[in-house]
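Welcome, and thanks for taking a look at this protein. Below is a short briefing to read alongside the sequence and the 3D view.

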Amino acid sequence: MTTPIAVVLAAAITAAPPPRPPNILIISLDTVRADVVPGFGGDAALSPTLTAWVRESTRFADALTVAPLTVPAHASLLTGRYPAQHGLRDHRAHPEVTVPDSLVAKAKARGFATAAFISAAPLNGLGKKLGFDHVDLPGVVEPRAALETTDHALAWLAAQPDRTPLLAWVHYFDAHYPYDPPQVTWRRCPMAARDAAIDLVRHGGVLDCQELRPKTVPQAWWRPCLWDLYESEVAAIDRQLARLRPAMGRHGPYIWVIIGDHGDCIAEEGMHARHATSLAECALRIPLAIGSTLRPPVAAARRDPVSTIDVAATVAGLAGLAPTGTDGVDLFAGEAPASRTRYVEGAGINMPGCQEPVAGAWRGDTKVVFYPTTGEWSAWRRQRGVLREITRFGDLGVEGERLWLDVVRRPPPPTGVLGLPGGAVSAEEQRTQEALHALGYAQ
Ligand SMILES: [Zn+2]
């Protein structure tokens with residue numbers, strides 16, 4: 001049976017056009033731990049734009065990254081998959097790996113124009129692999145400052161027609177070591193230690209996995225001085241967010257995500273400015289704030305256990321995109337259960353003291369860490385707010401042992417992956433390796 005033409009015409013006339021989806025802005029703050037961001041413990045006076053933006057967001061106070069490594073963390077952010085599922089588990093965007101459907105693919109299927117503004121070479125190749133229409137990379141080995149990355153993002157935004165929905169990913173690298181902000185707000189570091197702290201950070205040499213030794217700065221002042229420098233890097237990003245935010249707003253309603261890809265351990269847990277292979281809390285705990293100009297501001301923080309892998313499904317839900325196949329959940333479909341297991345991992349790196357891959361998981365108050373190459377393990381349990389190490393296997397308890405078994409049985413992360421690879425190396429790969437070396441990663 002055919003449908004009369006008049007009925008088809010009537011339906012066409014009365015049917016409203018599908019609503020234009022809101023724009024999407026994903027801001028990833030490289031190496032920015034939660035407690036330096038306002039709303040998560042950071043100082044509001046130093047970062048006024050973040051303060052205002054986070055205040056209008058839903059804040060997730062218990063958010064963990066999937067890996068303290070830039071490439072796996074961002075791949076998980078944009079695919080909603082754990083590193084073992086998307087296949088990018090170290091600092092390279094391996095040409096042979098085809099990542100699963102990403103948020104970018106879903107947005108493009110709905111007609112979004114998509115762009116990635118990347119500030120540092122560890123992400124070379126990832127933007128292209130994820131299918132962004134426009135990938136804006138630094139042209140040199142040196143990472144790009146927030147100011148320059150923002151210039152490029154604003155130029156792209158200004159050139160976009162209003163009728164096309166936009167997905168923009170803006171990545172800021174300023175807070176990664178070496179902490180060398182354009183302007184330092186000294187608040188903790190004594191006057192007598194400042195010059196030495198700056199000199200050490202600028203000329204401290206290649207890092208290793210043990211520590212950057214504060215030879216010229218008294219130990220007691222090292223952490224306060226590092227923290228002042230680190231916090232000032234976040235303030236430098238904040239000044240650029242003050243430009244980015246109104247520019248995005250001029251394009252109409254939008255969804256935003258503000259997230260750290262991983263944290264940094266700053267003179268704690270035996271590390272002085274490191275993340276990489278550590279599954280210490282300082283390397284894993286990240287800020288996560290999600291909001292939309294279409295939703296009323298949400299002042300309260302959520303405290304359910306969430307992860308980087310939840311962002312893709314949550315943004316897809318807010319924007320009305322097709323659901324992504326994901327290991328994560330839509331955070332606005334309900335709170336994540338307290339019993340949820342969140343996996344974390346770190347690839348081995350060809351650096352002294354950190355060749356070992358490491359796998360771990362958090363569930364409730366318990367964290368289990370496993371070193372697949374040696375079979376060693378460690379575990380912690382939070383008691384009265386303090387994370388205490390469990391030294392006897394028998395003290396894990398049934399649930400702790402169940403978590404340990406779970407971690408041990410997962411595919412182990414790779415080992416020793418950041419050295420210059422043997423055999424033929426593409427020009428882009430060579431550039432990435434040189435940049436990683438400049439950042440103190442590869443030997
Ligand atoms: Zn990173």
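**A first look**

Strands S4 and S6 pair in the parallel sense, over five bridges. Here, strands (E, at least two residues) and helices (H or I, at least four residues) are DSSP runs numbered from the N terminus, and two strands pair if DSSP finds at least two bridges between them. Please keep in mind that this is a predicted model: local features need pLDDT of at least 70, side-chain atom pairs count only at pLDDT 80 or more, and totals for chains, interfaces and linings use all residues. Residues are numbered from 1 along each chain as its sequence is written.

**The protein overall**

- The secondary structure comes to 13 helices and 15 strands.
- Of the 443 residues, 51% are buried, where buried means that 20 or more other C-beta atoms lie within 10 Å of the residue's own, exposed means 12 or fewer, and partly exposed is in between, with C-beta atoms placed from the backbone.
- Among contacts with a separation of 6 or more, 68% are between residues 24 or more positions apart; two residues are in contact if their C-beta atoms, placed from the backbone, lie within 7 Å.

**The eight-stranded sheet**

- Eight strands form an open sheet with mixed pairing, in the order S5-S4-S6-S1-S7-S8-S2-S9.
- Strand S5 (134–136) and strand S9 (301–302) stand at the edges with a single partner strand each, so one side of each has no neighbour in the sheet.
- Strand S1 (residues 23–29) runs parallel to strand S7 (residues 254–260), and seven bridges join them.
- Within that pair, Ile 26 has Val 257 of S7 as its bridge partner.
- S1 also runs parallel to S6, joined by six bridges, and there Ile 26 stands opposite Trp 169.

**Strand S6 under cover**

- How many residues of S6 are buried? Seven of its seven residues are, and S6 is mostly covered.
- In a regular strand the side chains alternate between the two faces of the sheet.
- In S6, Leu 166, Ala 168, Val 170 and Tyr 172 point one way, while Leu 167, Trp 169 and His 171 point the other way.

**Helix H11**

- Eight of the nine residues of H11 are buried, so this helix is largely enclosed by the rest of the structure.
- The buried residues include Val 311, Thr 314, Val 315 and Leu 318.
- Their cover includes S1, helix H3 (70–79), helix H5 (103–109), S7 and S8.
- After H11 comes Gly 320, with a positive phi near 75 degrees.

- Six bridges link S11 and strand S12 (residues 358–363) in the antiparallel sense, and Thr 341 has Arg 363 of S12 as its bridge partner.
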